[in-house]
Amino acid sequence: MIAYKFLRSDGSSVFSSFAWPLPADGPGAWVEAPVDPCRSGIHACRVGDLPYWAGRVLYEVELDGEIVAQTDKLTAARGRLVRRIRAWDEQRDAYTRMCADRAHELIAAAPPEFAHWDTVVEPSIPEGPALLGFVAARIAEEIEGTPAAYRAERERQTKWLAERLGLLS
Amino acid sequence: MAEHITCQEVVELVTDYLERELAPEEASLFEQHLNFCDGCIVYVEQIRATAATVGRVREEDVPPETRDKLMTAFREWKRS
């Protein structure tokens with residue numbers, strides 16, 4: 001199946017530092033590991049998982065063999081990078097800005113006791129898309145007083161990413 | 001199931017995370033947090049480095065004077 005994977009700029013994994021074989025003329029080499037979610041295996045995102053793991057560079061990854069689905073990611077026995085999603089390079093800052101603007105919008109429409117949240121938005125922008133996505137979702141959750149608002153905001157972010165990056169959800 | 005964890009919870013869970021004792025869903029929330037929180041990344045790396053360093057020290061490597069100071073500090077901390 002096709003999924004997505006964020007890596008560091010040098011092509012290494014964010015948590016394991018594994019240096020992935022990168023696609024060149026074709027897909028990169030297959031990588032195999034026993035499936036044990038969060039400990040071992042090829043970890044990847046469905047489209048709906050992307051906001052939770054936003055990172056520096058994004059690849060399309062082909063998964064094979066045993067695949068375990070969690071609420072926020074997939075873990076597979078085999079995987080290979082198929083292509084870099086260049087649209088993310090172009091849209092990363094726009095996504096960060098969209099999340100910041102959304103956070104401001106939520107605060108502006110909320111009762112005055114939430115106004116102090118506005119001060120965290122702009123200073124968070126240099127930290128990048130993962131933090132701004134979280135900030136917008138947290139503000140929605142805080143204003144609505146329910147985790148459903150957090151999830152709804154994440155779904156909104158997913159929709160934006162799917163449209164801008166041309167991904168099938 | 002929580003949607004996210006806080007920096008305080010990262011501090012509470014860090015040992016279990018490094019020892020791979022967290023349940024997968026908890027470990028996922030922990031790593032989601034690390035994905036956006038530079039302060040917690042630094043903290044986790046400090047704990048990882050400390051555990052790796054201290055884990056190499058044998059009891060007989062610690063001078064008696066240092067051992068007594070550490071034990072006193074530990075007892076004071078437990079009382080506080």
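I looked up the buried residues of α2(B) in this predicted model, and they are B:A27, B:S28, B:L29, B:F30, B:Q32, B:H33, B:N35 and B:F36. I then asked what covers the buried residues of α2(B). The cover includes α1 and α4 of chain A, together with α1 and α3 (38-54) of chain B. I also checked the length of α2(B): its 13 residues should span 18 Å at 1.5 Å a residue, and the end C-alpha atoms are 19 Å apart, which agrees.

**Contact between the chains.** I found 11 residues of chain B in contact with 19 residues of chain A. On the side of chain B that touches chain A, helix α2 (residues 24-36) gives the most, with 8 residues.

**α4(A).** I turned next to helix α4 (residues 129-144) of chain A, whose 16 residues should span 22 Å at 1.5 Å a residue; the end C-alpha atoms are 23 Å apart, in agreement. I noted as buried in α4(A) the residues A:P129, A:A130, A:L131, A:L132, A:G133, A:F134, A:V135, A:A136, A:A137, A:I139 and A:A140.

**α4(B).** I looked up how many of the 16 residues of α4(B) are buried. The count is 0, and I describe α4(B) as hardly covered. Helix α4 (residues 64-79) of chain B reaches 23 Å from its first C-alpha to its last, close to the 22 Å expected at 1.5 Å a residue.

**Packing of α1(B) and α2(B).** I found that helix α1 (residues 7-18) of chain B packs with α2(B) at an angle of about 120 degrees, the axes being 11 Å apart. The two helices α1(B) and α2(B) are therefore oblique to each other. Their crossing is left-handed. I listed B:V10, B:L13 and B:Y17 in α1(B) as meeting B:E26, B:A27, B:F30 and B:H33 in α2(B). This contact of α1(B) with α2(B) has 5 nonpolar, 1 polar and 1 charged residues.

**Packing of α2(A) and α5(A).** Here I found axes that come within 10 Å and cross at roughly 150 degrees. I therefore put α2(A) and α5(A) down as roughly antiparallel to each other. The crossing in which α2(A) passes α5(A) is right-handed. From α2(A), A:A87, A:W88, A:Q91, A:Y95, A:M98 and A:C99 meet A:Q157, A:W160, A:L161, A:R164 and A:L165 in α5(A). I divided the residues of this contact into 8 nonpolar, 2 polar and 1 charged.

**Positive phi outside glycine.** I noted a positive phi of about 65 degrees at A:S17, which is not a glycine. I placed A:S17 in the loop between β1 (2-7) and β2 (31-32) of chain A. Is A:S17 buried or exposed? A:S17 is exposed, with 9 other C-beta atoms within 10 Å. I noted B:R20 as well, which is not a glycine and has a positive phi of about 60 degrees. B:R20 lies in the loop between α1 and α2 of chain B. I count B:R20 as exposed, with 11 other C-beta atoms within 10 Å.

Note on methods
Residues numbered from 1 in each chain as written. Chains lettered and ligands numbered in written order. Predicted model: local features only at pLDDT ≥ 70, side-chain atom pairs only at ≥ 80, totals over all residues. Contact = placed C-beta atoms within 7 Å. Helix = DSSP H or I, 4+ residues; strand = E, 2+ residues; numbered from the N terminus. Expected span 1.5 Å × (residues − 1). Buried ≥ 20, exposed ≤ 12 C-beta atoms within 10 Å, placed from the backbone. Axes fitted to C-alpha atoms, helices over the stretch in contact; angles between N-to-C directions. Parallel < 35°, antiparallel > 145°, perpendicular 65-115°, else oblique. Left-handed = near helix turned anticlockwise from the far one by under 90°. Nonpolar A, V, L, I, M, F, W, Y, C, P; charged D, E, K, R; others polar.
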